[in-house]
Amino acid sequence: MQDDTTYENDDVKEAIRRLPENLYNYRMFRIKRALDLTMRHQVLLKEQWTKYEEDKFYPEPYLKEVIREREEWENK
């Protein structure tokens with residue numbers, strides 16, 4: 001599983017900024033739900049867990065684009 005909240009460098013921040021609104025909102029919902037559960041010392045119900053094979057690193061295409069653009073800019 002990927003964790004874009006742990007390694008949030010400048011490239012990741014820019015990729016997150018470029019996310020479509022629906023993906024960004026879904027990301028914020030998951031983060032808020034995780035924080036809420038943590039504060040209440042509860043665990044997400046097992047039927048709501050994301051299965052490993054269904055988990056996708058959704059910022060990946062945006063992150064690749066940001067890295068490519070940054071490398072192009074640095075090589076000029």
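The model is predicted: local features need pLDDT of at least 70, side-chain atom pairs count only at pLDDT 80 or more, and totals for chains, interfaces and linings use all residues. Residues are numbered from 1 along each chain as its sequence is written, and side-chain values use heavy atoms, with hydrogens and water left out. The protein has three helices and zero strands; helices (H or I, at least four residues) and strands (E, at least two) are DSSP runs, numbered from the N terminus.

**Overall build**

- Along the sequence, the pattern reads α-α-α.
- The radius of gyration is 15 Å, well over the 11 Å that the globule rule gives for 76 residues, so the protein is more spread out than a compact globule. This radius is taken over C-alpha atoms, and the globule rule is 2.2 Å times the number of residues to the power 0.38.
- Taken along the principal axes, the C-alpha atoms fill a box of roughly 50 × 25 × 20 Å.
- Of the 76 residues, 17% are buried (under 20% relative accessible area; exposed is over 50%, partly exposed in between, with a 1.4 Å probe and protein chains only).
- Among contacts (heavy atoms within 4.5 Å) between residues at least 6 apart in sequence, 67% join residues at least 24 apart.

**Helices α1 and α3**

- Two packed helices are described by the angle between their axes and the distance between the axes.
- The axes of α1 and α3 (residues 60-74) come within 8 Å and cross at roughly 125°, which makes α1 oblique to α3. Axes are lines fitted to C-alpha atoms, for helices over the stretch in contact, and angles run from 0 to 180 degrees between N-to-C directions. Angles under 35 degrees count as roughly parallel, over 145 as roughly antiparallel, 65 to 115 as roughly perpendicular and the rest as oblique.
- On the α1 side, Asp11, Val12, Glu14 and Ala15 meet Tyr62, Leu63, Val66, Ile67 and Arg70 of α3.

**Asp11**

- Asp11 is found in helix α1 (residues 10-17).
- With a relative accessible area of 13%, Asp11 is buried.
- Not counting residues up to four places away in sequence, Asp11 touches Leu63, Val66, Ile67 and Arg70.

**Leu45**

- Leu45 lies in the loop between α2 (21-39) and α3.
- Leu45 counts as partly exposed, at 49% relative accessibility.
- From C-alpha to C-alpha, Leu45 and Val12 are 29 Å apart in space, and they are 33 residues apart in sequence.
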